[in-house]
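Please examine the sequence and the model before reading on.

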Amino acid sequence: MSKEYDYVILGAGFAGMCMAIKLKEAGFHNFVILERDKDLGGTWLANSYPGAACDVQSHLYSYSFEPKPDWSRMFGPQLEIWGYMTHCARKYGLYPHFQFETVVNGATFNEQSGKWTINTSKGDYTATVFVSCSGGLSQPAMPDIKGLQDFKGKLFHSARWDHSYDLKDKTVAVIGTGASAIQIVPTIAPTVKQLFLYQRTPAWILPKPDRAMKGFEKKMFATMPFMQRLLRGMLYWRNELFAIGFVSKPGIMKLAQKMATRHINAVIKDETLRKKVTPAYKVGCKRILLSNEYYQALTRANVEVITDSIKEVTSNGIVTANGEERKMDAIILATGFHAADGVVPFAIKGTNGLDLNEAWKNGAEAYLGTSVSGFPNLFLIVGPNTGLGHSSMILMIEAQVHYAMEAIRQMKLNKWKAVDVKPEVQKDYNADIQEQLSHTIWQTGGCVSWYQDKNGKNVTLWPGHTFTFMKRTKTFEPDKYILAK
Ligand code: NAP
């Protein structure tokens, strides 16, 4: 027997929770949130590695409608962000709606009934509207390295950290030098005996303008909320300046590149190491990283940066292309996520049995990152081309949730059975997005990044300011949709 709801939300991260809060605010309580993990949090539950923290300021990386006056730092640590999420879940009454440890295996739309059937490890769920909030960075990417499965020591991905394994006095390899690695390396370097850091491509890293929030600031934000709104506004507009550099004024990026180079030179005195960590592509092409400790960690006597490519993994070590083998007790894969492969790791079937993976075989596409033609009553939050290189994803999440709620309200009001974005609307929208992206630093900066799919198409990023996206998602326009009564 299928469990019947009006709305099924997939994912208990920031996006799924935001959708749930807004449904409740609108008086729609007949919904369930399906979550494969045993608790809420999404990426902030999964990424519990040592040193995990946000690289967007917490006063901006939080819901606009639920400010937290007492963030401990400008850039909050993982556990505090997760605590904030549990606070929101309690305050907005979400706990009765969660179905934890429920893995979605597939979802199928029935044209006759106008309903979705969602097949899960705990049986079937039926709903008029299916909202997928599975997260852009939820599928860890395991590197395709020969012999990886033969390693007899400890091996885990940064997003699946094994806290039962003590790294103290161990020889450890970290593969990858992205956003996760630069937080892990300085945190574990003082504890381990020896750290081998395998770098394929260095990242541009700017100093992190982080600091502890002062007692008087926390009190001020609690008693004078407009002061916190003022800070949020300042952070918002400062970050939006970066968007200009990414999209239209690369001159701004030259300035950032100068600052990043100065950062390397200020911390690293050894010329060989300086060369190793200096990228050959333009700043901004890959995600700009922030750290005040990473380069310092690389100068430690027990840390070695290895730039020779990895040839293979043996039962007790890693061999590089030059034939050198280093032995280690543990390998940590800080190798990122399947971000550009599509949004969901299971079959979603729309009208006429159309499979989403098939529809996306030439690259993921949606209208406003939210609706996909041929998939009525499906809303994707953090769908294709909604990612940001410069600011808080929560801004985009709130905009998309607002749009989905507008659609839902109009469906109720007009008694529409189903809404399905017109194929030509989606096509024109994506042609425009790709045209705008073609001029950006992400496409012209001389790098390969996880922003692009295997064909080099950027299917992850929004090519502009967040306020432009907010404007476009403000109203649901029925003329852009096929409406079934
Ligand atoms: P990532 O940025 O994709 O970095 C993966 C790293 O692994 C790269 O250095 C990559 O090298 C390397 N790599 C991948 N496959 C490899 C292989 N086969 N051999 C050698 N090296 C390999 O992943 P991430 O660091 O987990 O970060 C992903 C995203 O998560 C970030 O960009 C950010 O959006 C988010 N994140 C955010 C925070 C935060 O503070 N809010 C923290 C962590 C992560 P190449 O560059 O050569 O591909």
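## Nonpolar cores

A nonpolar core is a set of buried Ala, Val, Leu, Ile, Met, Phe, Trp, Tyr and Cys residues joined through side-chain atoms within 4.5 Å. The model discussed here is predicted. Its largest nonpolar core holds 120 residues, of which Phe14, Ile188 and Leu298 touch the most other members. Helix α11 (residues 393–414) supplies the largest share of this core, with 12 residues.

Leaving aside residues up to four places away in sequence, Leu298 touches Val185, Leu197, Leu273, Val277, Val303 and Val305. Another core, of 25 residues, lies apart from the largest one; among its members are Phe346, Leu356, Leu378 and Ala418. In soluble globular proteins, nonpolar side chains tend to be buried together.

## A covered strand

Strand β10 (residues 171–175) is mostly covered, as five of its five residues are buried. In a regular strand the side chains alternate between the two faces of the sheet. Thr171, Ala173 and Ile175 point one way from β10, whereas Val172 and Val174 point the other way.

Strand β10 pairs with strand β11 (residues 194–198) in the parallel sense, over five bridges. Within this pairing, Ile175 stands opposite Tyr198 of β11.

## Two crossing helices

The axes of helix α6 (residues 225–247) and helix α7 (residues 250–267) come within 6 Å and cross at roughly 110°. The helix α6 is therefore roughly perpendicular to α7.

At the contact, Leu241, Phe242, Ile244, Gly245 and Phe246 in α6 meet Pro250, Ile252 and Met253 in α7. By class, this contact has seven nonpolar residues, one polar residue and no charged residues.

Key: Residues numbered from 1 in each chain as written. Predicted model: local features only at pLDDT ≥ 70, side-chain atom pairs only at ≥ 80, totals over all residues. Heavy atoms only, no water. Axes fitted to C-alpha atoms, helices over the stretch in contact; angles between N-to-C directions. Helix = DSSP H or I, 4+ residues; strand = E, 2+ residues; numbered from the N terminus. Parallel < 35°, antiparallel > 145°, perpendicular 65-115°, else oblique. Contact = heavy atoms within 4.5 Å. Nonpolar A, V, L, I, M, F, W, Y, C, P; charged D, E, K, R; others polar. Buried < 20%, exposed > 50% of the residue type's maximum accessible area, 1.4 Å probe, protein only. Pairing = 2+ DSSP bridges.
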